[in-house]
Amino acid sequence: MNASAMDINAKSAISLTNLIARFRDHPKYMLLAASAAGIALAIVLLLWARTPDYRILYSNISDQDGGAVVAELTTMNIPYRFAGNSDAIMVPSDRVHETRLLLAQKGLPKGGALGFELLDREKFGMSQFSEQINYQRALEGEIARTIKTLNPVKSARVHIAMPKPSLFVREHKPATASVTLTLYPGRALDTGQIQAITWLVSGTVPDLPAGNITMVDSQGQLLAQPGNNELDLSTTQLAYTREVEGDFQRRISAILAPVIGAANVRAEVTAQLDFTAVEQTAEQHKPNGRPEEMAIRSQQLSASDQIGIQAPGGVPGALSNQPTPPATASIESPANAAAGKKPASKDSVPPPAAAAPIVQPPRSSQNEKTINYEVDRTLTHSRFRPGVIKRLSGAVVVNDREDSNGNRVHLTPQEMQDVTALVREAMGFSSERGDTLNIVNTRFVANQDIMPPLPFWQDPGLQSIAFSLLRYALVALLFWLAWRKGLRPLWQRQQEIERERIRAQYEASQPRDEPRPISRSELEKETREKARQAMEDSIRQLRDVAAARPQMVARILRQWITREQQPS
């Protein structure tokens, strides 16, 4: 059975050898076969070189969204594949943006949570309670989608508790909300981002204060809790303080950069701010001035006259209330025996009697004048905004300058005074406020922390270009090797055979001359050449037979060796 198998293998080898010999006898067929193989290889290499570079379309999406995206890609005849063992979907790099726009037009991916498209599925006859629940679910989904747009957030879930509205103010309760965040590995949210999410949710839901929002991450860590306004305020104050300090630092650097160079100055400013909110109302009254300089607010005049009625007076009592008796005057003659006077004679005429006095009736007059002047009053309401600068502390380090010889030397006292004056003006230095400033001139040390530039061979862009060029160079190299080692020898052999055929035809067409006599040396040379050619043919045939049937050749050689070893 082994002999029959060996015979079959020997026959197959002989047939293959004959086929190869036939191809060698007809180089045209060999050239056609090599040309066809070269063209096929060229097509394969070109297709391989033009294989599209796949980029990630979507990653870290849910299974529902992934299935919907794959179905749409199949419908749009866009090739896709998955990135290794991950759930990332990859498409050709030149169609990434186009595919994203087409999928976004169809609402994909949905992000896992349903938004306001849930309201499009409402059925006729739905109760008001169902409508309210659907609205709340849609609002929660939209908020979760918005939060997922942040880079560190992988997924988010939002729960909102909205109490029923009441007509009574005492029974009114604000809404509350809780947010659960799942972050990407190695990512974290800073305080500013947590506050941004809190105020985002508060601004989306009606009647939801920021203090009623609770936020946790997937590890169970509390990120924001209700009533944490003091911490938020402290964070805001700290950020404002850093902003004020940075502004003063930029001012100092900007004013000194044209003088000593931007790389030769380092400035730090510490600001103490007063965040106390103060409201003050002051009312000030000035002393009374001269009447002619004051504005009259109101004026009132009152006058009264009474005639024939005596004004009341005297001692209080019954006697004072009785009417006054009429006025009388007694008429008396002059005394005759007045001391120091001469008595009157008979012939003397008596003096005329004195006239009675005229009695005026009682009269009462009363005049009143009241003038009200405007009060000179100043009412001042002052509201002091928080964040007032209480004190500034500045520290500036200036590098040594270079002299004419290129050596580093300290600044002169006059230059230091000029620098100090510029810095004081730039930061608004105030001794009344208690500001301090310290400027030091020293030599800077070379910064060793600066990373060296990335070598050009490690640049990702250059690496991509180099790989593309290498791919096309490899294709060109394979073409050159196929031509050099395969097609060119066949083509040259075919050309040689064609030239021999043309020469033979030309010689056959020429009239034959008488054969010239061949010398003995030429004859021996021709004989040796034929013998060498015959030997080479025999060796080639033996080589082919040995390659085709090595076992038979080995058996023949073994027999020859056995015969040589046997005694004659």
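User: How many bridges join β8 to β13, and in which direction do the two run?

Analyst: This is a predicted model in which local features need pLDDT of at least 70, side-chain atom pairs count only at pLDDT 80 or more, and totals for chains, interfaces and linings use all residues. Residues are numbered from 1 along each chain as its sequence is written, and side-chain values use heavy atoms, with hydrogens and water left out. Strands here are DSSP runs (E, at least two residues; helices are H or I, at least four), numbered from the N terminus, and two strands pair if DSSP finds at least two bridges between them. Strand β13 covers residues 388-399, and β8 is joined to β13, running antiparallel, by 10 bridges.

User: Which residue of β13 is the bridge partner of Thr270?

Analyst: Thr270 has its bridge partner in β13. That partner is Ser393.

User: Which strands stand at the edges of the sheet, and why is one side of each without a neighbour?

Analyst: The open sheet has 3 strands with mixed pairing, in the order β8-β13-β16. Each edge strand has a single partner strand, so one side is left without a neighbour in the sheet; these strands are β8 (265-274) and β16 (436-442).

User: How many bridges join β13 to β16, and which residue in β16 does Ala395 stand opposite?

Analyst: Strands β13 and β16 run parallel and are joined by 7 bridges. Within β16, the residue opposite Ala395 is Asn438.
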